[in-house]
Amino acid sequence: MMINTVKVHFLGNILGRGARGVGKQCSGKITKAANAAEARHLLSIGKIDILLIHTITEDMADILPQVKGCILEIRSRMSPEAILTANPAIAVVADVERALEHYENGQYVSLDGVEKIIYEGLIQS
């Protein structure tokens, strides 16, 4: 007799979905930045777990190694390969409509770059 089983891993409430994703999974606190200059300034005064920004541009390659993940309102202007070269451990969820309006500074979330999902809370490891 053959039995098929499916293992399901439930993380928590889904807060949002993107149309594109890069990387694996990460968790942390959201920090909003209006642009690359503001992101650099915020990094100079403290750690950023999850960067919430409109998009990632080529001039942001120096920022990516310093964050665990990114939530983007529109498609990244960097290729997935360039993002992963800058930070192989990063998770990015992109094309998240009105993300800057919906998520708050200090909010804890978990990103799944493969599934393109933003979960409420932290992944327990």
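How many helices and strands does the secondary structure of the protein chain come to? A few friendly notes follow.

1. **Basis.** This is a predicted model, in which local features need pLDDT of at least 70 and side-chain atom pairs count only at pLDDT 80 or more, while totals for chains, interfaces and linings use all residues. Residues are numbered from 1 along each chain as its sequence is written, and side-chain values use heavy atoms, with hydrogens and water left out.

2. **Overall fold.** To take up the opening question, the protein chain has three helices and eight strands. Helices (H or I, at least four residues) and strands (E, at least two) are DSSP runs, numbered from the N terminus. Along the sequence their pattern is β-β-β-α-β-β-α-β-α-β-β.

3. **Burial.** Of the 125 residues in the protein chain, 42% are buried. Here buried means under 20% relative accessible area, exposed over 50%, and partly exposed in between (1.4 Å probe, protein chains only).

4. **Strand β3.** Two strands pair if DSSP finds at least two bridges between them. Q25 stands opposite D112 in β7. With β4 (residues 50-53), β3 pairs in the parallel sense over three bridges, and there K32 has L52 as its bridge partner. From β3 the chain crosses through helix α1 (residues 36-45) to β4, a right-handed β-α-β crossover. Right-handed means that, with the strands pointing away from the viewer, the path from the first strand over the helix to the second runs clockwise.

5. **Cysteines.** The structure holds zero disulfides, a disulfide being a pair of cysteine sulfur atoms within 2.5 Å. For C26, the nearest cysteine sulfur is that of C70, 8.4 Å away. C26 is buried at 8% relative accessibility, and C70 is buried at 0%.

6. **Salt bridges.** There are four in the whole structure, each a side-chain nitrogen of Lys or Arg within 4 Å of a carboxyl oxygen of Asp or Glu. One of them joins R20 and D95, with the closest N and O atoms 2.2 Å apart. R20 lies in β2 (residues 20-23) and D95 in the loop between β6 (91-94) and α3 (99-102), so this pair ties together parts 75 residues apart in sequence. Another links D62 and R40 at 2.9 Å, N to O; D62 is in the loop between β4 and β5 (69-72) and R40 in helix α1, so the parts tied together are 22 residues apart in sequence.
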